[in-house]
Amino acid sequence: MHDIIIIGAGPAGVSSGLYAKRAGANVLILYYGESNLEKATKIENYYGFINGIDGKKLYNNGLEQAKNLGIEVKNEEVLNIKKINEQFIVKTENKEYTAKSVIIATGNKKLRPNIKGVTQFEGKGISYCAICDGFFYRNKNVVVIGNGKFAISEANDLKNIVNNVKILTNGLEMENTSEFEIVTQKIKEIHGDERVKKIEFEDGNTIDVDGIFIALGQAGGSDFAKKIGLMLNKDNIIVDENMKTNIDGLYSCGDATGGLLQVCKAVYDGAKAGLSAVKYVKNK
Ligand SMILES: Cc1cc2nc3c(=O)[nH]c(=O)nc-3n(C[C@H](O)[C@H](O)[C@H](O)COP(=O)(O)OP(=O)(O)OC[C@H]3O[C@@H](n4cnc5c(N)ncnc54)[C@H](O)[C@@H]3O)c2cc1C
């Protein structure tokens, strides 16, 4: 068991790792997929770089700094977090890790696909969390919109509850490593009246559905939040001044918590979260 598992290796995740490790904690950082920092061609407003610095370079420097300090760093996509008997279980595709405390530093993720009808039917047949809402679709026909491991994980959570679950990639490629039927046609519109009724594809075909679960890209902070019962403000995880969420032992930092979406804030948040998590672990 680790003292602290940090999800995310951007400035927030690495900063929390540096502070936690230096305070004596046994830390694991799990990261997967592109961070926002890697998309920034040049950072010119962060302290100490006379001519600015390329975002990708700064990101890789952070990863190296964490490894140099002896932090265990693994490139694995986190699919779910659970808390059972005061212990956190962090699930990746093939493994489960346990920890006394977890820090969510997964950055800022826009969840909504640009499909006509999505906003209209949210809460009326469109859900963003299989574990939370799957029960409402017992013996019904549902789809998951997404094209990665997260979509498969959500379909797995639904398969024993619903009558049928398909994965719709909305025009994106997907390697079919699962038992589920994959439909790759691009979606034109979601139709219904009080609730979702059918999906229309751009080629004119339609399918009848009772529910739609959105699982685009990889799971982000707000996806984990919904699964484990964290309080959100829109898609941002709500934390107090010590980066503590409403669940004991669970912290969040950086873009995942909203506010100023900048490196300086992510680094500050990360330091706070790391120190808070260490204090929590030591008090246990
Ligand atoms: C184009 C662009 C330009 C920018 N320019 C500036 C600028 O000039 N100055 C500035 O200060 N800020 C800038 N920013 C903002 C800055 O990049 C972010 O505020 C900062 O990166 C936030 O850090 P973070 O650690 O919270 O999240 P991120 O840097 O986004 O890191 C998120 C981490 O979480 C990991 N992750 C996500 N989901 C999972 C999962 N399911 N499993 C495992 N790992 C996961 C990712 O791999 C990544 O390591 C810019 C952003 C963009 C997009």
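This is a predicted model: local features need pLDDT of at least 70, side-chain atom pairs count only at pLDDT 80 or more; totals for chains, interfaces and linings use all residues.
The side chain of Glu 200 makes a polar contact with the side chain of His 191, at 2.7 Å. Glu 200 is found in strand β12, which covers residues 196-201. With a relative accessible area of 18%, Glu 200 counts as buried, because the cut-off for that class is under 20%. Setting aside neighbours within four places in sequence, Glu 200 is in contact with Ile 187, Lys 188, Glu 189, His 191, Asn 205 and Thr 206.

One of those contacts deserves a second look. Lys 188 and Glu 200 meet through their side chains in a salt bridge, 3.8 Å from N to O. The pair links distant parts of the chain, with Lys 188 in strand β11 (residues 187-192) and Glu 200 in strand β12, 12 residues apart. Lys 188 is partly exposed, at a relative accessible area of 46%.

**Salt bridges**

Side chains of opposite charge can pair when their charged atoms come close. A search of the whole structure finds 14 salt bridges. Here are some of them to find in the model:

| Side chains | N to O distance |
|---|---|
| Lys 227 and Glu 154 | 2.4 Å |
| Glu 72 and Lys 74 | 3.6 Å |
| Lys 149 and Glu 93 | 3.8 Å |
| Lys 188 and Glu 200 | 3.8 Å |

Lys 149 lies in helix α6 (residues 149-159) and Glu 93 in the loop between β5 and β6 (96-104), so their pair ties together parts that are 56 residues apart in sequence. Lys 149 is partly exposed at 27% relative accessibility, and Glu 93 is partly exposed at 43%. In the pair of Glu 72 and Lys 74, Glu 72 has a relative accessible area of 31% and is partly exposed, while Lys 74 is partly exposed at 23%.

Stepping back, the chain is divided into domain 1 (2-109 + 220-283) and domain 2 (118-214). Their centres, taken over C-alpha atoms, are separated by 30 Å. The contact takes 8 residues from domain 1 and 9 residues from domain 2.

The size of an interface is often given as the accessible area lost when the parts come together. Between domain 1 and domain 2, about 830 Å² is buried, and carbon and sulfur atoms give 55% of that area. In domain 1, Leu 79, Lys 226 and Lys 227 lose the most area to domain 2, together 54% of what that side buries.

Across this interface there are 2 salt bridges, and 2 residue pairs are in polar contact between domain 1 and domain 2. On the side of domain 1 that touches domain 2, helix α7 (residues 221-228) gives the largest share, 3 residues. By class, that side has 2 nonpolar, no polar and 6 charged residues.

Helix α7 itself is mostly covered, with 7 of its 8 residues buried. Among them are Phe 224, Ala 225, Lys 227 and Ile 228. Just after α7, Gly 229 takes a positive phi of about 90 degrees.

**Two loop residues with positive phi**

Glu 86 is not a glycine, yet its phi is positive, near 65 degrees. Its place is in the loop between β4 (78-84) and β5 (87-92), and Glu 86 is partly exposed at 45% relative accessibility. Lys 234, also not a glycine, has a positive phi of about 55 degrees. Lys 234 sits in the loop between β15 (232-233) and β16 (236-237) and is exposed, with a relative accessible area of 75%.

Key:
Residues are numbered from 1 along each chain as its sequence is written. Side-chain values use heavy atoms; hydrogens and water are left out. Domain bounds come from an automatic or database domain assignment. Contact means heavy atoms within 4.5 Å. Buried area is the accessible area (1.4 Å probe) that two parts lose on being put together, summed over both. A salt bridge is a side-chain nitrogen of Lys or Arg within 4 Å of a carboxyl oxygen of Asp or Glu. A polar contact is a pair of N or O atoms within 3.5 Å; within protein, one must be able to donate a hydrogen and the other to accept it, and residues adjacent in sequence count only if both atoms are side-chain atoms. Helices (H or I, at least four residues) and strands (E, at least two) are DSSP runs, numbered from the N terminus. Ala, Val, Leu, Ile, Met, Phe, Trp, Tyr, Cys and Pro count as nonpolar, Asp, Glu, Lys and Arg as charged, and the others, Gly among them, as polar. Buried means under 20% relative accessible area, exposed over 50%, partly exposed in between (1.4 Å probe, protein chains only).
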